[in-house]
Amino acid sequence: MSTPLAVAPVRRPRLGSMQLYGYLLILPALSFLLLFTHYPAVATVWQSLFSAARNGHPARFIGVDNYVALLDDDIFIQSLWNNLLYAAITIPLAVTLALLMALAVNRHMRANALVRTAFFIPSLLPMIAIANLWLFFYTPQLGLLNKLLALFSLPAINWLGEPGSALYCLMAVSVWREAGFFMIFYLAALQQIDPRLSEAAAIEGASRRYFFRRVQWPLLMPTTLFVLINASMNAFRIVDQVIAMTNGGPNNSSSLLLFYIYRTAFSFWNMPAAAAMTVVLLAILAALALFKFNLLDKRAHYQ
């Protein structure tokens, strides 16, 4: 009888070498993340602790004086309040409208692709084009909105020239633009739901409203969390729309936080003060993200 051949044992890589190999794989992405995200954030915090270099005098370390000065800056307080109001109104409106549009186009109907395209087109347009389009709507004499008011014998409104309406006009443009973009995520999530669930609900006699509240909405929680985080960031980083439509006026009624940071840095050339405001903006975004993760992540049902 022939003796069986001995099988050589398979060498498994050590745990340390596997971890090193994994770190080497993520090193390029980690390097870009540190270089273009974390390093600028740390540099911004460090710069906010110095005074502005002016008239040949070098910058000197002043600690938290820039942050204390923000409390006495009326324009900063107004811009911060405007931005909080802007976020509180545009985020729920854009998300709710995106969900309703996704539910509408998720059904099988005629010209479904055309309706989806019409909903999504605003998010593809550049902001300058969108601003010029809505400036035509808001023009005091020739604007479309005032033409509609004239049909009902109502007086014309200077939509962007009145402190009480300028900020809300910007909100309308943002909701119109972002809802179609968020609709795509909700539509993709709805199409991932098992169709057998709707068939079972129909057999049991459940209404569409009950099926949405008990089945679809809980399964859409991960998408809702993602959309809310992105909507929050968009609400606090808007600047080009303000420049193109109102330039912060009238009387700073439409001045938002990032716009005031931009003007402080590149119009007043006060980089440390702009850095301090940027740190405040980052703190607000981090607080919003933590709040939404702690509130919604526990209710999310991941498939």
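Predicted model: local features only at pLDDT ≥ 70, side-chain atom pairs only at ≥ 80, totals over all residues.
Local features need pLDDT of at least 70, side-chain atom pairs count only at pLDDT 80 or more, and totals for chains, interfaces and linings use all residues. Residues are numbered from 1 along each chain as its sequence is written, and side-chain values use heavy atoms, with hydrogens and water left out.

Start with the fold. The protein has 13 helices and zero strands. Helices are DSSP runs of H or I with at least four residues, strands are runs of E with at least two, and both are numbered from the N terminus. Read along the sequence, the pattern is α-α-α-α-α-α-α-α-α-α-α-α-α.

An unreviewed UniProt entry annotates residues 80-290 as "domain: ABC transmembrane type-1". Such annotations may be inferred rather than shown by experiment. The span 80-290 is 75% helix and 0% strand. Its end C-alpha atoms lie 20 Å apart.

Now the overall shape. The C-alpha trace spans about 105 × 65 × 30 Å along its principal axes. The radius of gyration is 26 Å, whereas a compact globule of 303 residues would have one near 19 Å. That radius is taken over C-alpha atoms, and the globule rule is 2.2 Å times the number of residues to the power 0.38.

Contacts come next (heavy atoms within 4.5 Å). Among those between residues at least 6 apart in sequence, 69% join residues at least 24 apart.

Of the 303 residues, 36% count as buried (under 20% relative accessible area, 1.4 Å probe, protein chains only). The protein exposes about 19400 Å², by the Shrake-Rupley method with a 1.4 Å probe. Carbon and sulfur atoms supply 67% of that area.

Last, the charges. The mean positions of the 20 positive and 11 negative charges are 12 Å apart. Lys and Arg count as positive, Asp and Glu as negative; His and the chain ends are not counted. Each charge is placed at NZ of Lys, CZ of Arg, CG of Asp or CD of Glu.

Definitions and conventions
Buried < 20%, exposed > 50% of the residue type's maximum accessible area, 1.4 Å probe, protein only.
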